[in-house]
Amino acid sequence: MRDIAVVSVAQHQEKALTNTTEVELMVPIINEARSAVGLTQDDIGFTCSGSSDFLAGQAFSFVHTLDAVGAVPPISESHVEMDGAWALYEAWVKLQIGGVDTALVYSYGKSSPGSLRDVLSTQLDPYYLGPLWPDAFSLAALQARIMLESGTVSEQRLAEIAVRSLNGAADNPLAVRSSAEATTESVLAEAPIADPLRPSDCAASADGGVAVVLAAGDRARELCERPAWIRGIDHRIDPHQPGVRDLNRAPSAQAAAVNSGAGNDRLDAAELAAPFTTQEHILELELGLGNGTAVNASGGALAGHTMMAAGLMRIADAAAQIHNERADRVLGHAASGLYLQQNLVCVMEGE
Amino acid sequence: MAERLRADLVLEYPFTRTTGPVIGAFLTGLREGIILGIRRPDGTVLCPPTEYDPESSEPLTDLVEVGPGGELVSWTWVDPPRAQSPWDQPHGLGLIRLDGADTPMVHGLLVESPEGLSVGMRVTARWRPEREGHIADLEGFVPEDAKQ
């Protein structure tokens, strides 16, 4: 296996980018990620992106966004209709195969023009679930009640997770929901938005984008003082139908953590892309995160959930903690689908 | 700043799909007013049915009738109703494990308020009078003691 590292990250997120196109959004982010390590597009061996036509309302919408990369002269490029974390996985595979030493990975999402909790119904199976248009908050509420009734989690614990996000996000300029003053009492006093879930249990949706530069071996050492070496990366999936799964669990998250070696050593920090407090709780259990691990110091996805980018943003946040020497071993997580159906875990270390 | 241009856009995917021997049978059953599950090799019954075992990927073929009564496994309250959903009034959304099935299915709960909803309560299917082989042929579920 080649040693491959995240050498540069850049991101932007806000509540709604009403008058900004995806191209206008991504130009400064991609430029920042490349120029921070002194690269131009000519120096990039492979480019891979993640985005959603359903959010853009247009087929092959990602082709337009290539204008933000610069695709002339022709570049080697690919796209996944998934969170950018899976684009990073594809780029990692490409670098493992060899022939290229650098890759640019980016993703973005603008969900503000529509109602994300309803648009997400389009990811459901088209026969049993999709035609009922159950919105994302209501479906998450069904899981939450099962978890509360079975004792997997308490309302107090959910409130603590919400407060951790709100307080952590207070120092994060990219967060769209934060509060230094929030307490479990103030969260528990909120009226339910989808009983038993309260507003602070549900991620605040956001618009934004993120770009990451990967490099292999000595190239990474040339470009970056302290590369975030990817020591393990894996993604797994569970069945789609909610009825066939134990909604207290996310076996695919545990499998991805085991296969990426997450538990092989102490983790200083973990950044989780959980769209609900209930799912953040499940992830902590499945990933085996202990007291020594700082979880979602940035506020995590709860503080700002940019559809298609929330996972790559978590990997970027985790890698940044290696770059600036705040941590030595970190975990970035991405999720996709209903009830954490699909999970990706990326374990990174500094030297 | 210039005024933003606006244009209506109808996003559609005008494909037709065949539903196959299992999903197709389930939807045809709905049209006839019955609910079908499918038996796994271990004897348990999945409803709604899938063509393949979710764990072993073995093909599944043994369709069995389940319901129309069942038990509420989880619920939430949807108010206001979602614009594209089959329901135009505030309603419950539930996971319902039908009699004879081992897994719950998602559907609507047709009650006037969330007050009477509780995990473990008995519910039963309410059908639309005109059915076309669609999941919404089931209008939803009502408390069994309110059966009409």
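1. Start with the core. The largest nonpolar core of this predicted model holds 156 residues. Those with the most contacts inside it are A:Val105, A:Val212, A:Leu214 and A:Leu312. Both domain 1 and domain 2 of chain A give residues to this core, so it lies between them.

2. Next, the two domains. The assignment for chain A gives domain 1 as 4-115 + 205-228 and domain 2 as 121-203 + 229-349. Their C-alpha centres lie 23 Å apart. Domain 1 of chain A brings 38 residues to the contact, and domain 2 of chain A brings 29 residues. On the domain 1 side, the elements that give two or more residues are β1 (4-14), α2 (53-56), α4, β4 (102-109) and β5 (205-216) of chain A. Of these, β1(A) gives the most, with eight residues. By class, that side of domain 1 divides into 20 nonpolar, 13 polar and five charged residues.

3. Look closely at A:Leu312. Which residues does A:Leu312 touch, not counting residues up to four places away in sequence? They are A:Gly50, A:Asp83, A:Gly84, A:Ala85, A:Leu88, A:Val105, A:Ser107, A:Val210, A:Val212 and A:Ala334. Two names in that list, A:Val105 and A:Val212, also stand with A:Leu312 among the residues with the most contacts inside the core.

4. The axes of α4 (residues 84-97) and α12 (residues 310-323), both of chain A, come within 6 Å and cross at roughly 65°. An angle of 65 to 115 degrees counts as roughly perpendicular, and that makes α4(A) roughly perpendicular to α12(A). From α4(A), the contact uses A:Gly84, A:Ala85 and A:Leu88. From α12(A), it uses A:Gly311, A:Leu312 and A:Ile315. The residues divide into four nonpolar, two polar and no charged.

5. α7(A) supplies A:Arg157, A:Leu158, A:Ile161 and A:Ala162. α11(A) supplies A:Thr277, A:Thr278, A:Glu280 and A:His281. By class, this contact has three nonpolar, three polar and two charged residues.

6. Now chain B. It has one helix and eight strands. From the N terminus on, the order is α-β-β-β-β-β-β-β-β. The C-alpha trace of chain B spans about 65 × 40 × 30 Å along its principal axes. Of its 148 residues, 36% count as buried. Among contacts in chain B with a separation of 6 or more, 50% come from residues 24 or more positions apart.

7. How do the chains meet? The contact takes 23 residues from chain A and 30 residues from chain B. On the chain B side, α1 (20-32), β4 (69-78), β5 (91-98) and β6 (105-109) each supply at least two residues. β4(B) gives the most, with five residues. The chain B side has 20 nonpolar, nine polar and one charged residues.

8. Check the backbone for exceptions. Most residues other than glycine have a negative phi, and most peptide bonds are trans. A cis peptide bond joins A:Asp195 and A:Pro196, with omega about 15°. A:Pro196 is in the loop between α8 (184-188) and β5 of chain A. Another cis bond joins B:Asp79 and B:Pro80, with omega about 5°. B:Pro80 sits in the loop between β4 and β5 of chain B.

9. Positive phi values deserve a look too. A:Phe60 is not a glycine, yet its phi is positive, about 55°. A:Phe60 is in the loop between α2 and α3 (61-65) of chain A. Is A:Phe60 buried or exposed? It counts as exposed, because it has 9 C-beta neighbours inside 10 Å. A:Tyr339 also has a positive phi, near 55°. Its place is the loop between β10 (329-336) and β11 (342-349) of chain A. With 20 C-beta neighbours inside 10 Å, A:Tyr339 counts as buried.

10. Last, A:Arg236. This residue is in strand β6 (residues 228-237) of chain A. A:Arg236 has 19 C-beta neighbours inside 10 Å, so it counts as partly exposed. Leaving aside neighbours within four places in sequence, A:Arg236 is in contact with A:Ser252, A:Ala255, A:Ala256 and A:Asn343.

Note on methods:
Residues are numbered from 1 along each chain as its sequence is written. Chains are lettered from A and ligands numbered from 1 in the order in which they are written. This is a predicted model: local features need pLDDT of at least 70, side-chain atom pairs count only at pLDDT 80 or more; totals for chains, interfaces and linings use all residues. A nonpolar core is a set of buried Ala, Val, Leu, Ile, Met, Phe, Trp, Tyr and Cys residues joined through C-beta atoms within 7 Å. A residue is buried if 20 or more other C-beta atoms lie within 10 Å of its own, exposed if 12 or fewer, and partly exposed in between; C-beta atoms are placed from the backbone. Domain bounds come from an automatic or database domain assignment. Two residues are in contact if their C-beta atoms, placed from the backbone, lie within 7 Å. Axes are lines fitted to C-alpha atoms, for helices over the stretch in contact, and angles run from 0 to 180 degrees between N-to-C directions. Helices (H or I, at least four residues) and strands (E, at least two) are DSSP runs, numbered from the N terminus. Angles under 35 degrees count as roughly parallel, over 145 as roughly antiparallel, 65 to 115 as roughly perpendicular and the rest as oblique. Ala, Val, Leu, Ile, Met, Phe, Trp, Tyr, Cys and Pro count as nonpolar, Asp, Glu, Lys and Arg as charged, and the others, Gly among them, as polar.
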